[in-house]
Amino acid sequence: MTALDHARAQGEQYRQQLHDLLRIPSISTDPDYAGEVLRAAEWIAADLRRIGAANVEIMPTGGHPVVYGEYRAAGANALTVLVYGHYDVQPASMEDGWDSEPFEPVERDGKIYARGSSDDKGQMFIHLKAFESLLANGGCPVNLKFVLEGEEEIGSANLQRFIQQHADKLTADVCVISDTGMRDIKQPAIIYALRGLTYMQLDVQGPARDLHSGGYGGMVHNPALALAQIIAKLHNADNSIAVPSFYDDVLALSDLEREQLAIQDIPLEKLRAETGVSADWGESAFTRRERISARPTMEINGLLSGWTGAGAKTVLPAKAMAKISCRLVANQDPQKIYELVRDYIASITPPSITAELTLINGGDPAIVDLSGAPMQAAVRAYERGWGVAPIFAREGGSIPVVADFKRILGIDSILMGFGLNTDGAHGPNEHFVIEMFHKGIDTAISFYEELGKQGA
Ligand code: BES
Ligand code: MN
Ligand code: MN
């Protein structure tokens, strides 16, 4: 028997195990669920121990813990791979429009429906099961270090410090992460660029308390209006960002990369069908693919002010609030971007209100080197697992740790994602295509076997 045969034979059982993990609501953002996040960590640690990983521990951080486990039996002449994934999930409840309970996994139409099935428990679990299949059939040809975190969905704020503190323990030749997507089920993709993030909150304060809009409207600046006026000045008429110096550090695309990205552009019809919008938006000097992956953005993620209940209330609200975030590209710095936005907003804030911008979290953008030998192993693994070569693609989302691994440990990450854009990550009815789960395990096994042919 080979590891691949073993994985197929155990497939049903592996999925049942994944269901058990998916039942744990490990929502990292909500302090009420801290116990569930820990329970998920314990569940994974127990599975790693049962599979046969060594030195499995739940390592504390400043927040939710990291699950660590390793395999060194491949020996000093073999490569060492850091396997990163996250076991925390976004919040989910039936009211958001789920057709079944988000933490009660069900399989229908060839998909597993549950929060975290695609992002990222299902994808992370692929590597545990590839490891298990290899161990059951003669051993794993590379050394592994699992670093599975519980705070990715809230910005991995404590992970950078954790990596610094444990840099010696975490040394590796390369990192592998399955937490991204493919364009469609037939065409695998290796991601080589991720965007960074600066997430902020803007608080506008007007009068000391809510006022009668008849008695004061016209002589007191309405904070909801003032906020809208500020927000309206964040973009130029061409939809570029109006903050001075915002684009200073943006790495321009080469002509060659623009040519390659042009092939991957998103047809307007596809965007319409996928989202329900009738027209696209953005910087017309760039293709849609470029706008969502190689250009930075400034988004309003939430707005709050005044009366939003049923009927009418003639009120002049005392305050207004907006959540604002920027997706960043290489080589923008999240802290510097925060300071630029803060200073710009201060410069356009009228004396009739106060506006305060606070930084909530941030993460660096990342670009991965495509030329290394491990990347070639990944390409061959996809050819075996999928029967076709992967394309190299940029993603618009963020995985902050990729830049940290590069800066602190000096290693590149291979982003072998098995999700689909249509999986509903962060939204209702999140699901993972069952075929992707099994092909993902096959591909991961092949990846470790291919890496085993390369010496340290
Ligand atoms: N897995 C995603 C990142 C992702 C999404 C990569 C889509 C590629 C395509 C990850 O779990 C995520 O949601 N990241 C957050 C990071 C943020 C909280 C710092 C994101 O991108 O919003
Ligand atoms: Mn994820
Ligand atoms: Mn996510």
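Me: Which strands make up the open sheet of three, and in what order?
Reply: Happy to walk through it; this is a predicted model, in which local features need pLDDT of at least 70, side-chain atom pairs count only at pLDDT 80 or more, and totals for chains, interfaces and linings use all residues. Strands (E, at least two residues) and helices (H or I, at least four) are DSSP runs numbered from the N terminus, and two strands pair if DSSP finds at least two bridges between them. The edge strands, β4 (106-108) and β20 (431-433), each pair on one side only. With antiparallel pairing, the order is β4-β5-β20.

Me: Which residue of β20 is the bridge partner of Y113?
Reply: Strand β5 (residues 111-113) pairs with β20 in the antiparallel sense over three bridges. Residues are numbered from 1 along each chain as its sequence is written, chains are lettered from A and ligands numbered from 1 in the order in which they are written, and side-chain values use heavy atoms, leaving out hydrogens and water. In β20, the partner of Y113 is H431.

Me: What angle does helix α14 make with β20?
Reply: Helix α14 (residues 434-452) packs on the sheet and touches β4, β5 and β20; contact means heavy atoms within 4.5 Å. Axes are lines fitted to C-alpha atoms, for helices over the stretch in contact, and angles run from 0 to 180 degrees between N-to-C directions. The direction of α14 makes an angle with that of β20 of about 60 degrees.

Me: Is D119 buried or exposed?
Reply: Buried means under 20% relative accessible area, exposed over 50%, and partly exposed in between (1.4 Å probe, protein chains only). D119 has 12% relative accessibility, so D119 counts as buried.

Me: How many Å apart in space are P102 and R115?
Reply: P102 is found in the loop between β3 (80-86) and β4. Not counting residues up to four places away in sequence, P102 touches A92, S93, M94, A114 and R115. P102 and R115 are 13 residues apart in sequence, while their C-alpha to C-alpha distance is 5.2 Å.
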